[in-house]
Amino acid sequence: MVFNSMTDALVACDKDRLIVMVKTALEQGESADDILNHGLIAGMEVVGDRMESGDMFIPEVLMAAQAMTECVEILKPLLEETGGNHAAAVVIGTVKGDLHDIGKNLVAMMMESAGFVVHDIGVDIPAETFIAAIKEKNAKIVCLSALLTTTMPAMKQTIDAISESGIRDQVKILVGGAPVTQAFAETIGADGFAADAGSAAKLAKSFIQ
Amino acid sequence: MNKIEKIYQHALNILSEVGIKLKHLEVLNILDENGIQIDEETAFFTPEQVAYWISKAPGSFTLYARNPAYNIVIGNQHRHFMAGYGCAAIYDKEGTARDSLLSDYICFARLVHQCSHFSINGGILAQPNDVPAEISHLIMTYTAMMTSDKCLMGIPGNEDQVTQIMEMAALLFGGRSVLEKTPRILTMVSTISPLLIDEMDLSTILISARYNQPMIMSPASTAGTTGPIDLAGNLALSTAEAMAAIVIAQIIRPGVPVVFGLQSNVANLRTGNISVGSPAYSLQKKAVCELARYLKLPSRSGGATTDSAVISPQAGYESMLSLMAAYQNGVNLIIHSAGILNSYAAMSYEKFMMDLELMDMIMQYEDGFEVNDDTLNLELIKSVGPGGHFLGAADTMRKCRSHSRQPRIGVRENFGRRPPLEKYFKNIDKGLEQMLREYKQPDMPSDILRHLNDFMAGQGIPAPVLEQLNHLTCNLEDF
């Protein structure tokens, strides 16, 4: 029941209520792991579905995600104590030459809400920075973003560089952005394409499971 | 002399030099008694007579509804949408035609009742082909009265038919003396261009005026067929016909409310049919408004009209031009604002929904936007800063539903799996279904209902038929 209520609070973007619920659940003996997985992540799945169906607007989804982030901060020390958080690492960034980041930020947020540990390395990112981040964070998933048709070739260059560096088999590569299509993703050797933030998170989860 | 004055002067010349043929002996006698020159069936009006009698008509008037929340002022700066009127067919999504039925009339009356864009219901929302023509005016009027408590459109007819409708309105609104004091039922009068008014429409004027009920004088001369091919000449002809009808009404009952309602069309001279999707049609609406203002009368024109026989890009852009032209130019009564396809040949449920969206859009456009400290909000811009974004700002979150108008049926999310057009029609079906599901019949006081039922029984329509009428449902499967 308490987990259902957390979903309601997330959908209502009610951060204060959610924080109270998380604290109360901890006091009542629920584990941080259960609260994270059955309360917050399950709740954000509903938020993601509602975003996809158009029932929730993007600013509302962002507010819900922010509320979740604050709750995760409360849970973090406890998760570390129990060694509970085994979430996969994601490296995400906008490729070299492109300064656009709203879409990339939305994907990062939805990935985070789905339970991934997301490392957002920013915009205008050269291939070598992606490679370094993958190695450093031991990432299982890499997300490349581009809004401009002129920077789409940088996606291929980044994937090629990842292959040349010998870590291609270690990661799944997802690409996205307004001009990107499934066909383009296949052409440049990406593992997947997502048209929106919700489906990007779903796709990432399917790669991990 | 500006363009409008020239058209007006030309219309006066038409009425004094060519005259207008009137197929109604009593009306001709009344005109004769009031000093109008009559030659057999043709009446000739001097410019002074026209100006004198038109000056008797009010510049604006309130149309009263059963529910006072729907009372509206017709005239001045007020603009009102009205649904499609007068069609005898229904087109489906593919443009396939069928006869319109009583169930369609009921459905459209319910849809009009449900939609906040409309304050007026009834009239000929769709001609019920399954009802004998001799009594269809009774059935339609009764249905409109039972279905909705908004303002009412009447139906033109012979003297007996219009009297029956007026008597029904009297029963609904508290008796004839009450009815005569306030405009309650608005009836459309059409001329037969060029320069002829038949017995039915003159009877409609005669009876409506005697009951002091408002009329829309609506010549529809069509440039190239029933009117001169030049728009100036066509407008002048329509103006002459409307002015003649208004003078007649004012002579019968000085002060009876009238609307200057030119429906001046243009012809598609490849076929001879009218063309209501053309810019020339919209252009004439602009002139109608200016002429009405010049004459100090309320105006009327067509609304979301198209020559397309099916929901299509053509239907969309033609309807938008036509509706926008009417609204922006300040037409007081914008008839045919929802549902019309194929140059008035048919009503369409899908088009009705599409046109509601056009109205939503136009009204939002007309609303404009506010400029003040709150809407400029420097603090917000400071907090986001260069290179940030406003998507996650609390201000955006707070206003995202009120400020980001979502289309009623339009598709914006085009990255899904469903083809956009399929989704568009699904949204239409969903919208229709929701409006009809949420419809609630307004209460009708039992004594009025009894009087109306007794009246209908007196016209040969027995209670079981009325009972059946009240339980007819809108079957979405039939669409």
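Predicted model: local features only at pLDDT ≥ 70, side-chain atom pairs only at ≥ 80, totals over all residues.

Colleague: Where is Gly387(B) found in chain B?

Modeller: Gly387(B) is in the loop between helix H14 (378–384) and helix H15 (394–403) of chain B.

Colleague: Okay, new topic. Is strand E11 of chain B buried or exposed?

Modeller: Strand E11 covers residues 185–189 of chain B, and five of its five residues are buried, so the strand is largely enclosed by the rest of the structure.

Colleague: Which residues of E11(B) are on which side?

Modeller: One side has Ile185(B), Thr187(B) and Val189(B), the other has Leu186(B) and Met188(B), and both faces are covered. As a rule, side chains in a regular strand alternate between the two faces of the sheet.

Colleague: What does E11(B) pair with in the parallel sense over two bridges?

Modeller: That's strand E10 (residues 151–153) of chain B. Within that part, Leu152(B) has Ile185(B) of E11(B) as its bridge partner. E11(B) also runs parallel to strand E13 (residues 215–217) of chain B, joined to it by three bridges. There, Val189(B) stands opposite Met217(B).

Colleague: Let's move to the two chains. How many residues are in contact between chain B and chain A?

Modeller: On the chain B side 14 residues are in contact, and they meet 17 residues of chain A.

Colleague: How much area do chain B and chain A bury between them?

Modeller: About 1200 Å², with 70% of it on carbon and sulfur atoms. Leu391(B), Met397(B) and Arg401(B) supply 47% of the area that chain B buries against chain A, more than any other three residues.

Colleague: How many salt bridges are there between chain B and chain A?

Modeller: The count is one salt bridge. In it, the side chain of Arg401(B) meets that of Glu60(A), at 2.6 Å from N to O.

Colleague: What classes of residue does chain B use on the side that touches chain A?

Modeller: By class there are six nonpolar, six polar and two charged residues on that side of chain B. Across the interface, two residue pairs are in polar contact.

Technical notes. Residues numbered from 1 in each chain as written. Chains lettered and ligands numbered in written order. Heavy atoms only, no water. Contact = heavy atoms within 4.5 Å. Buried area = accessible area lost by both parts, 1.4 Å probe. Salt bridge = Lys/Arg side-chain N within 4 Å of Asp/Glu carboxyl O. Polar contact = N/O pair within 3.5 Å; in protein donor to acceptor, adjacent residues only side chain to side chain. Nonpolar A, V, L, I, M, F, W, Y, C, P; charged D, E, K, R; others polar. Helix = DSSP H or I, 4+ residues; strand = E, 2+ residues; numbered from the N terminus. Buried < 20%, exposed > 50% of the residue type's maximum accessible area, 1.4 Å probe, protein only. Pairing = 2+ DSSP bridges.
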